[in-house]
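Hi,

Here is the structure I promised to pass on to you. Have a look at it first, and then read my notes below.

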Amino acid sequence: MKNEEITNALSAFDLFKELNDQELGKIVSVSFSREWKKGSHVFMQGEPLKNVYFIYDGKIKIYKTDTHGKEQIVAILKKGDMFPHVGFFRKGEYPAFAEVMEKSTLVVVPISGFENVLIENPKLCIKVFNILGEKIVDLQKRLEELILNNTYEQIIKLLIRLAREHGVKLDNGSLLLKAEFTNKDLANMIGTTRETVSRTLTKMKKENLIKMDGNGDMILTPERLLEEIL
């Protein structure tokens with residue numbers, strides 16, 4: 001991508017929408033773009049933290065592993081998202097892995113250059129804090145779900161969240177969630193087993209809480225699912 005294309009790409013992010021051409025130009029001047037193939041890693045857990053990434057196109061999985069190699073999915077990110085949020089004000093290492101789920105184009109902003117722009121632009125700094133605050137609230141909510149809800153309730157809330165974030169709204173108000181998340185992925189998002197997720201989804205299909213189309217995509221209505229756990 002040329003500088004003009006990077007400018008257009010970054011200007012679409014909420015974080016940069018209110019910047020004037022000169023302010024945005026300072027960020028573009030230290031940025032570059034790159035494509036990643038499906039299955040590759042943008043960075044590995046424990047590597048030196050050097051860049052912040054903005055997704056122009058594609059999908060990225062953020063996950064951690066424990067000492068036994070068990071995977072815990074932290075987030076699934078798509079076009080318009082940025083990561084890692086700790087990159088702005090934290091030194092040290094990347095706290096997780098970033099794996100490419102589908103071919104992706106990312107705008108890469110070196111942290112050192114970005115920090116200089118933040119120092120020169122207090123308004124942008126405040127916007128960064130607001131975004132970090134939203135992420136903290138989301139993580140707190142998900143932690144509460146793990147602590148307070150049983151596995152069945154966690155699976156329902158996970159499906160609702162994924163459908164709202166990644167699904168397509170249908171004419172009847174339902175959401176279509178494409179079959180891009182395996183049962184293992186779902187299990188790794190809430191710390192349960194693939195077998196538990198499989199049994200739960202089978203039960204939900206029998207009770208007509210969710211439906212599957214010919215492509216294996218899931219169709220659900222968030223309001224109907226919420227009635228199950230309220």
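The chain splits into domain 1 (3-134) and domain 2 (149-228), with bounds that come from an automatic or database domain assignment. Before you go further: this is a predicted model, where local features need pLDDT of at least 70 and side-chain atom pairs count only at pLDDT 80 or more, while totals for chains, interfaces and linings use all residues. Residues are numbered from 1 along each chain as its sequence is written, and side-chain values use heavy atoms, with hydrogens and water left out.

The C-alpha centres of the two domains are 28 Å apart. Across the boundary, 9 residues of domain 1 are in contact with 10 residues of domain 2 (contact means heavy atoms within 4.5 Å).

Now the pockets. Rolling a probe the size of a water molecule over the atoms shows where empty space is left. Here a pocket is an open set of points on a 1 Å grid over the protein atoms alone, where a 1.4 Å probe fits, with protein on both sides within 12 Å along at least five of seven lines; lining residues have an atom within 4 Å of a point.

The largest pocket holds about 730 Å³ of space (the volume filled by probe spheres set on the points, which are joined across faces, edges and corners). Its lining has 28 residues, with V74, A75, H85, K135 and L139 nearest the centre. Elements giving two or more residues to that lining include β4 (71-78) and α4 (122-148); helices (H or I, at least four residues) and strands (E, at least two) are DSSP runs, numbered from the N terminus.

Of its 13 lining residues, D14, G80, I131, E134 and K135 lie nearest its centre, and α4 gives the largest share of the lining, 6 residues.

Finally, look for an open antiparallel sheet of 4 strands, in the order β7-β8-β10-β9 (strands pair if DSSP finds at least two bridges between them). Its edge strands are β7 (168-169) and β9 (210-212). V168 stands opposite L176 in β8.

Enjoy exploring!
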